[in-house]
Amino acid sequence: NKFNVAMKGLRYVVAAVVGLAAIFSVNEARAFGKGEMSVGLTGGFASYNESGYVSMNYQWECADHVRIAPEIGYIMSNDHKSGFMINGDVHFPFQLVRGFGIYPLAGIAFNNWHYNKHYYEETNRSRMGVNVGLGFDVYFTNFFKMSLQGRYSIMPQTSGVFVGLGLSYVF
């Protein structure tokens, strides 16, 4: 099962992120806080069609422990399904140790799924829903961070898990 393989891989990625946090936490990595902004790319796994996805995101910490995080992305084709997604999430980041933090998240989701069962039979379905999830940030320097995020998008007929690893430029 592809989902079990992805979850096993996720455990290794989490272990690597925690290890990197321990290594780089002695760096002069930026502390979490109001005013921080970043742009980045994320790649990962989407469970609804058991495929990969890629997205771009912007993050702005508008207050201590409150970060606005819009995202736009493409879900690659598998099992005759591909998709386009837009997420408007709010993160609640907390620094655990210097250069490493955790954030629960909640937000809204829009997905447009394209179904192509045969060349002559194509349809699109758009769905709105909500996101809930958890993520981790590792700051390598004042200007570079890595994020590991898992979220569940709850929407009619197309709910699914999104697990992704992202790299962002912090400014």
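Which residues make a nonpolar surface patch of about 650 Å²? Val39, Tyr58, Trp60, Ile68, Phe143, Tyr169 and Phe171 do.

This is a predicted model: local features need pLDDT of at least 70, side-chain atom pairs count only at pLDDT 80 or more, and totals for chains, interfaces and linings use all residues. Residues are numbered from 1 along each chain as its sequence is written, and side-chain values use heavy atoms, without hydrogens and water.

View 1. Patch residues have over 30% relative accessible area and no salt bridge; nonpolar side chains (Val, Leu, Ile, Met, Phe, Trp, Tyr) are joined within 5 Å, like charges within 9 Å. A salt bridge puts a side-chain nitrogen of Lys or Arg within 4 Å of a carboxyl oxygen of Asp or Glu. Areas are Shrake-Rupley values with a 1.4 Å probe. Val39 sits in strand S1 (residues 37-46). Strands are DSSP runs (E, at least two residues), numbered from the N terminus.

**View 2. The largest nonpolar core.** Its 7 residues are Ala46, Tyr53, Ile75, Met85, Trp113, Tyr115 and Phe162. Core members are buried and joined through side-chain atoms within 4.5 Å. Buried means under 20% relative accessible area, exposed over 50%, partly exposed in between (1.4 Å probe, protein chains only). Beyond four places in sequence, Ala46 touches Ser51, Tyr53, Ile75, Val161 and Phe162 (contact: heavy atoms within 4.5 Å).

**View 3. Positive phi at His65.** Most residues other than glycine have a negative phi. His65 has about 70°. It lies in the loop between strands S2 (51-63) and S3 (66-78). His65 counts as partly exposed because its relative accessibility is 37%.

How values were computed
Helices (H or I, at least four residues) and strands (E, at least two) are DSSP runs, numbered from the N terminus.
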